[in-house]
Amino acid sequence: MNESVDTTDDPNEVGDEAPYGNPAENAVIKRRDDVEYEVVEAAEAMGKGVLIGPEDGAPNFSMRRFILEPDAEVPRHTNDVEHEQYVLAGEYTVGIGDEEYTVGHGDSLLIPAGAEHWYHNDGTERGAFICVVPNEDDEIQLVEPEADADDVDGDE
């Protein structure tokens with residue numbers, strides 16, 4: 001005999017038990033002029049603005065917009081959380097692990113948690129990208145470049 005599934009409750013219906021109440025009441029529209037940008041500490045020619053984050057009531061993810069000025073260079077580093085990125089403007093180089101990629105408008109990237117990565121805008125146009133990360137603790141670790149075998153002391 002087959003057991004039937006109870007379909008009397010509509011799974012799409014939002015009742016009193018919804019974790020955030022009426023979802024429409026928690027919607028956020030944040031205007032461009034309301035986003036404040038700050039210079040990223042490790043990269044002075046890079047700016048960051050939080051488009052939507054925990055301060056806006058976003059429970060799971062933060063969406064940020066980064067600006068890479070021409071000649072901006074972000075050092076090799078790792079993060080404790082993954083990054084999903086979408087390139088809005090410009091063309092620049094992203095290093096991930098041991099590979100370098102030229103990215104431009106419309107390209108998407110996944111940078112896994114713990115992956116070494118860096119950026120360089122060697123073009124003449126400003127680069128910009130959206131970066132979405134989980135709302136979790138994220139420790140950024142700068143990675144020291146490895147010394148070349150030719151740079152070893154005493155080989156001169």
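Modeller: Contact here means heavy atoms within 4.5 Å, and the model to which we apply that cut-off is a predicted one.

Biologist: With contact understood in that way, what share of the contacts in the protein chain between residues at least 6 apart in sequence join residues at least 24 apart?

Modeller: Of the contacts between residues at least 6 apart in sequence, 62% join residues at least 24 apart. The chain in which they occur has 0 helices and 11 strands, and its pattern, read along the sequence, is β-β-β-β-β-β-β-β-β-β-β.

Biologist: Why is Asn 121 called buried?

Modeller: Buried means under 20% relative accessible area, and Asn 121, with a relative accessible area of 0%, therefore counts as buried. Asn 121 lies in the loop between E9 and E10, and its contacts, neighbours within four places in sequence aside, are with Leu 68, Glu 69, Pro 70, Asp 71, Ala 72, Glu 91, Tyr 92, Arg 126 and Gly 127.

Biologist: What makes the approach of the Asn 121 side chain to the backbone oxygen of Glu 125 a polar contact?

Modeller: A polar contact requires N or O atoms within 3.5 Å, one able to donate a hydrogen and the other to accept it, and the side chain of Asn 121 reaches the backbone oxygen of Glu 125 at 2.9 Å.

Biologist: Why is Asn 135 called partly exposed?

Modeller: The partly exposed class lies between the buried limit of 20% and the exposed limit of 50%, so Asn 135, at 26% relative accessibility, falls into it. Asn 135 is placed in the loop between E10 and strand E11 (141-142), and its side chain reaches the backbone oxygen of Ala 58 at 2.9 Å.

Biologist: How far from Asn 135 is Pro 59, going by their C-alpha atoms?

Modeller: Although Asn 135 and Pro 59 are 76 residues apart along the chain, their C-alpha atoms are separated by 7.3 Å. Pro 59 is also one of the residues that Asn 135 touches, which include Pro 54, Ala 58 and Phe 61.

Biologist: How many residues line the largest pocket, and which lie nearest its centre?

Modeller: The lining has 29 residues, and Lys 48, Arg 64, Phe 66, Asn 79 and Ile 140 lie nearest the centre, while the volume of this pocket is about 580 Å³. By class, 15 lining residues are nonpolar, 7 are polar and 7 are charged.

Biologist: Which strand gives the most to that lining?

Modeller: E10 gives the most, with 4 residues, and among the other strands that supply at least two residues are strand E2 (43-52) and strand E3 (61-68).

Methods: Residues are numbered from 1 along each chain as its sequence is written. This is a predicted model: local features need pLDDT of at least 70, side-chain atom pairs count only at pLDDT 80 or more; totals for chains, interfaces and linings use all residues. Side-chain values use heavy atoms; hydrogens and water are left out. On a 1 Å grid over the protein atoms alone, a cavity is a set of points where a 1.4 Å probe fits but cannot get out, and a pocket is an open set with protein on both sides within 12 Å along at least five of seven lines; lining residues have an atom within 4 Å of a point. Grid points are joined across faces, edges and corners, and a volume is the space filled by probe spheres set on the points. Ala, Val, Leu, Ile, Met, Phe, Trp, Tyr, Cys and Pro count as nonpolar, Asp, Glu, Lys and Arg as charged, and the others, Gly among them, as polar. Buried means under 20% relative accessible area, exposed over 50%, partly exposed in between (1.4 Å probe, protein chains only).
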